[in-house]
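Dear colleague,

I am passing on the structure we spoke about, together with a short account of what was found in it. Please have it open while you read the notes below.

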Amino acid sequence: MGWGDTGRPRHPRLTWENAELNAAAAVCAVQLAVAATVWWVGTFDDDSHGAGTGGALAAAGLLCMVVLGPLLLAALGMLHAAVHTMPAATLARLTTRRAPGRETVRHLASVILLGALWAAVAVTLGGLSPTGAPVLLLAASGILPALGVGHVRRRARATGRASRVRRVWSRSALAALAACALVATAGAVGLSTGLIEEYEPPTLTTAQLVGVWHGDGGAVLRLRSDGRADLTKLPAEPEFDDVAKRDFTRCDGTGSWFLDTEGRYDPYAGENGPEVRDGVVVRVKDCGHDTYWTIGGSESGPELFVLFGDPDSGDLRILTRD
């Protein structure tokens, strides 16, 4: 099987033309850019967990994304074309006799079939939900690139020459910029007009906080109704440390807890800190300072979290309830 349009392939009907391969990759790169922008807009109403904007580190990361992002998108688009869109094109050509009809229709059917196969692999190896949005998007990710390949083919037949690769990528870059700008503008308008609501943490009572909370590393916090707290490998502020440092200790044993609705024990509350939020103060004798577990999540799925260290680059620890 040939790759590109140089030389005379033995099976010309199975050859991947260079313009077609690049068209599939370019369209995939555009849809990846738009998907990333949609995801970013979707985080407007997410809980930031008290984190800052990242300061100089975030600025450097943004600069890297601006410089390297297009190259990364192009590489991912080419990978997708090589393992999904173009193999589906080969399958469509192999089934010409058994499934007559327009080649574009057969190509679309093939990319959906191959997309379902890749989605099954993602569910099996990646542990994704078979009905989740990522799996459905993966299954349908070859549709637009297949339509792009069909457009390039029709143009080549009409003009008698293949599309220029540089033109394919330049047009895809302009399309990506326009689509991402449109999505970002829509998100900003939705946020300013209230169509997208900013995140509001749940308001929980002392009775609602009672229960068992679990975190990573085997961390367990049992809040009892009498104000006692049982801890197992629970992260806590070190005894002799500064809140600006990322270090934390892990505590075991029994202590006490209470609900703070004024942020009086929040080490980050203040002019330069996050907004005042309700939290649970956990106090354990001979094991670190009082630790302020901020309430987050939602009414149906509440969380307790601590950001150890600097708000821009701290170590986030989250507890969820059974």
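Which helix gives the most to the positive patch? That is helix 6, residues 165-193, which contributes three residues to the patch. Please keep in mind throughout that this is a predicted model. The patch of positive charge lies on the surface and is formed where Arg155, Arg161, Arg164, Arg166, Arg167 and Arg171 gather. One of these, Arg161, is placed in the loop between helix 5 (143-159) and helix 6, and with a relative accessible area of 57% Arg161 counts as exposed, because the cut-off for that word is over 50%.

Turning to the cysteines, the structure holds one disulfide, and this disulfide joins Cys251 to Cys287 with an S to S distance of 1.9 Å. The link of Cys251 and Cys287 is left-handed, with -100 degrees about the S-S bond. Cys251 lies in strand 4 (residues 249-260), whereas Cys287 sits in the loop between strand 5 (279-283) and strand 6 (291-297), so the pair ties together parts that are 36 residues apart in sequence. Both Cys251 and Cys287 are buried.

With best wishes

Terms used
Residues are numbered from 1 along each chain as its sequence is written. This is a predicted model: local features need pLDDT of at least 70, side-chain atom pairs count only at pLDDT 80 or more; totals for chains, interfaces and linings use all residues. Side-chain values use heavy atoms; hydrogens and water are left out. Patches are made of residues with over 30% relative accessible area and no salt bridge: like charges are joined within 9 Å, nonpolar side chains (Val, Leu, Ile, Met, Phe, Trp, Tyr) within 5 Å. Accessible areas come from the Shrake-Rupley method with a 1.4 Å probe; for residues, only the protein chains shown count as cover. A salt bridge is a side-chain nitrogen of Lys or Arg within 4 Å of a carboxyl oxygen of Asp or Glu. Lys and Arg count as positive and Asp and Glu as negative; His and the chain ends are not counted. The place of a charge is taken as NZ of Lys, CZ of Arg, CG of Asp or CD of Glu. Helices (H or I, at least four residues) and strands (E, at least two) are DSSP runs, numbered from the N terminus. Buried means under 20% relative accessible area, exposed over 50%, partly exposed in between (1.4 Å probe, protein chains only). A disulfide is a pair of cysteine sulfur atoms within 2.5 Å.
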